[in-house]
Amino acid sequence: MHRFPAMLAAITLFVAAPVFAASPQAWPWKSKAPPDPALAALSHIEGVTAGVAEGTVSISVKAMAPAPGYTELQLVSRMGDPNDRIFAFDARGRAPQEVTTQVLTPVTIEVSYADAPIAKLEVIEVYSNDNCLAYSVKDSKPVECTSRAVPQKPGEMH
């Protein structure tokens, strides 16, 4: 008799699990909101991968924050040539409020976009304070950064 409620709970959890997963965000170039000026550039990009599945673009960035405690890690769009098929981002995060020792700290940014222009998407570039790494979605491999994209104001990177 106790099996039925346990089985029902397991089925409910299995069916509801996708609802609890993070939903894809809106493609940043479609947003009219300015970037948050309180977000600071991350120090260094260690790796970038990207892929397209079922109409969603997923990007994963391994980076180094200037100190422990960075939150609200995100990719902020850079303005560039809309016809070059390169979409460039700045890797940013909110610095901790308390004073901390400046020790490079590994962080990961993982984001999915539901309404990206997949037919026009070839390369994803991600910038930090001291480097840029790029990934070819078209060829599924790392490539060199080549765009002339610039950070959006306010809070331009140095």
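**Pockets of the predicted model**

Strand E4 makes the largest contribution to the lining of the largest pocket, supplying six residues. The structure is a predicted model. The volume of this largest pocket is about 410 Å³. Its lining comprises 21 residues. Those closest to the pocket centre are Pro28, Gln74, Leu75, Val76 and Ser77. Two elements give two or more residues to this lining: strand E4, spanning 71-79, and strand E6, spanning 105-113. By residue class, the lining of the largest pocket holds 14 nonpolar, five polar and two charged residues.

Strands E4 and E5 (86-94) each provide at least two lining residues. The top contributor is E5, with three residues. The lining of the second largest pocket divides into eight nonpolar, two polar and five charged residues.

In the largest pocket, E4 gives six lining residues. In the second largest pocket, E4 supplies at least two. For E6, two or more residues face the largest pocket as part of its lining.

Notes: Residues numbered from 1 in each chain as written. Predicted model: local features only at pLDDT ≥ 70, side-chain atom pairs only at ≥ 80, totals over all residues. Heavy atoms only, no water. 1 Å grid on protein atoms, 1.4 Å probe; cavity = no way out; pocket = protein on both sides within 12 Å on 5 of 7 lines; lining within 4 Å. Points joined across faces, edges and corners; volume = space filled by probe spheres on them. Helix = DSSP H or I, 4+ residues; strand = E, 2+ residues; numbered from the N terminus. Nonpolar A, V, L, I, M, F, W, Y, C, P; charged D, E, K, R; others polar.
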